[in-house]
Each structure stands twice: as structure tokens, then as C-alpha cells.
Amino acid sequence: MTVTSRPTATPSHWRITWAERENERRRRAYRSETDAWLRRNDHLTRLRIEAAGFLGCTQPRTGLPVDLADDELVFRVLPIAELVEAEARHVPGLPTPGPGTFADTPAGALPTGLRVVDAGVAVVTNHRVAFAGPDRRREWRYADLAAPAHHP
């Protein structure tokens, strides 16, 4: 009696070619995402180091749209800022007060219930954030704030 064995099935050439292409595509996508993550990490590390050593700026004290106290240090001047107000006390879609995460967020329209009421200059100091526009002036003292929150 003769026993014949069936030849082992080998993957066809097109499957091997497809798998190699797919593996290379996935490697490129992984490298691209990793490189972007490393660039973002380097940028945030530089910002953290800069922020840790930054003690504020006493100049310029003139030309700003807000009056500064003698002991007030300017941390940032935002020449283009919008003052946004909520039409109701509770607007869905806003973050709850608490530690903010400043991840990249897509730009887009404001959530329903919010509207831009003025545009102007914002000044961030060691005591407050002040906004000055052609129509409105607002000030938020850190001592009066409950907690920070971030919204794109």
C-alpha cells in the first residue's frame, strides 16, 4: 500500500506581497505618529523648562490697555483675544471647573449658548487676567476664581 501525502499549502505570491505592503504601510504610519508625538513632547518639555524659570516681565508697563500695580508682573500679552459670554447659567458642552488639559483641540464654531461679544487684547499677569476691547473691559483676579477650566 502506498501512502501519498498532500503537499503543504504555501501562501500564494499575492498574499505575501500584500502582507509585505501592509506591514510597510503600518510601519510608516507608526513612525509618523511616533515622530509627531516626540516633537510634541519636546515642545512641551521646552515650554515647561521655560515656564519654570520665567519670573515675569516688568516691561513694557506702558502701552497696555490695563493699568498695572507696582508689584504686578506681565506673563503674557495676547494681542488678539475674544470675550465669550454664555447666554445661560449652564451651557452643555463646557468643561467643568478643575484641572485643565490643554490637548490639541479642533477649531470650530462655539457650542450653542455661547457668543463672542467683543474682541481685543488680553493681558495675563501674576495677579489677574484682564481683557480690554473697544466695547467691554473685564478682569478676572486669581483670588476670586473657583477653579480653572479649558475650552477650545
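These legends describe close-up views of a predicted model.

**Figure 1. Overall layout of the protein chain.**
The protein chain holds one helix and four strands. Read from the N terminus, the order of elements is α-β-β-β-β. The chain has 152 residues, and 16% of them are buried. Among contacts with a separation of 6 or more, 60% join residues 24 or more positions apart.

**Figure 2. Lining of the second largest pocket.**
S1 supplies the largest share, six residues. The lining includes Phe75, Arg76, Leu78, Ala81, Glu82 and Leu83. Also in the lining are Ala122, Val124, Val129, Ala130, Phe131 and Trp140. By class, the lining has 10 nonpolar residues, no polar ones and two charged ones. Arg76 and Glu82 are the charged pair in the list, because Arg and Glu count as charged.

Side chains of opposite charge can pair when their charged atoms come close. By the rule applied here, the model has nine salt bridges. One of them joins the side chains of Arg26 and Glu22, with an N to O distance of 3.0 Å. Both residues belong to helix H1 (residues 13-53). Arg26 and Glu22 are four residues apart, about one turn of the helix. Glu22 has 15% relative accessibility, which is under 20%, so it counts as buried.

**Figure 3. Arg31 and Glu24.**
Arg31 and Glu24 form a salt bridge. Their closest N and O atoms are 3.3 Å apart. Arg31 is partly exposed, at 41% relative accessibility. Glu24 is partly exposed as well, with a relative accessible area of 29%. Both values fall between the 20% and 50% cut-offs, and therefore neither residue is called buried or exposed.

The side chains of Arg141 and Glu139 meet in a salt bridge, 3.5 Å from N to O. That distance meets the rule, because a salt bridge requires the nitrogen to lie within 4 Å of the carboxyl oxygen. Arg141 is partly exposed, with a relative accessible area of 37%. Glu139 is partly exposed at 38% relative accessibility. Elsewhere in the chain, salt bridges that share partners link Glu24, Arg27, Arg28 and Arg31 into one network.

Thr125 is part of strand S2. How accessible is Thr125, buried or exposed? It counts as buried, because its 1% relative accessibility is under the 20% cut-off. A polar atom of the Thr125 side chain lies 3.1 Å from the backbone nitrogen of His127. Which residues does Thr125 touch, leaving aside those up to four places away in sequence? They are Leu68, Glu72, Leu73, Val74, Phe75 and Tyr142.

**Figure 4. Cys57 in the loop between H1 and S1.**
Cys57 sits in the loop that runs between H1 and S1. Cys57 is partly exposed, at 30% relative accessibility. With residues up to four places away in sequence not counted, Cys57 touches Leu73 and Val74. Leu73 and Val74 are also among the residues that Thr125 touches. The C-alpha atoms of Cys57 and Phe75 are separated by 6.3 Å. Along the chain, Cys57 and Phe75 are 18 residues apart. Phe75 is one of the residues lining the second largest pocket.

Leu145 lies in the segment after strand S4 (137-141). Leu145 is partly exposed, with a relative accessible area of 43%. Its C-alpha atom is separated by 9.7 Å from the C-alpha atom of Arg128. Leu145 and Arg128 are 17 residues apart along the chain.

Conventions:
Residues numbered from 1 in each chain as written. Predicted model: local features only at pLDDT ≥ 70, side-chain atom pairs only at ≥ 80, totals over all residues. Heavy atoms only, no water. 1 Å grid on protein atoms, 1.4 Å probe; cavity = no way out; pocket = protein on both sides within 12 Å on 5 of 7 lines; lining within 4 Å. Helix = DSSP H or I, 4+ residues; strand = E, 2+ residues; numbered from the N terminus. Buried < 20%, exposed > 50% of the residue type's maximum accessible area, 1.4 Å probe, protein only. Polar contact = N/O pair within 3.5 Å; in protein donor to acceptor, adjacent residues only side chain to side chain. Contact = heavy atoms within 4.5 Å.
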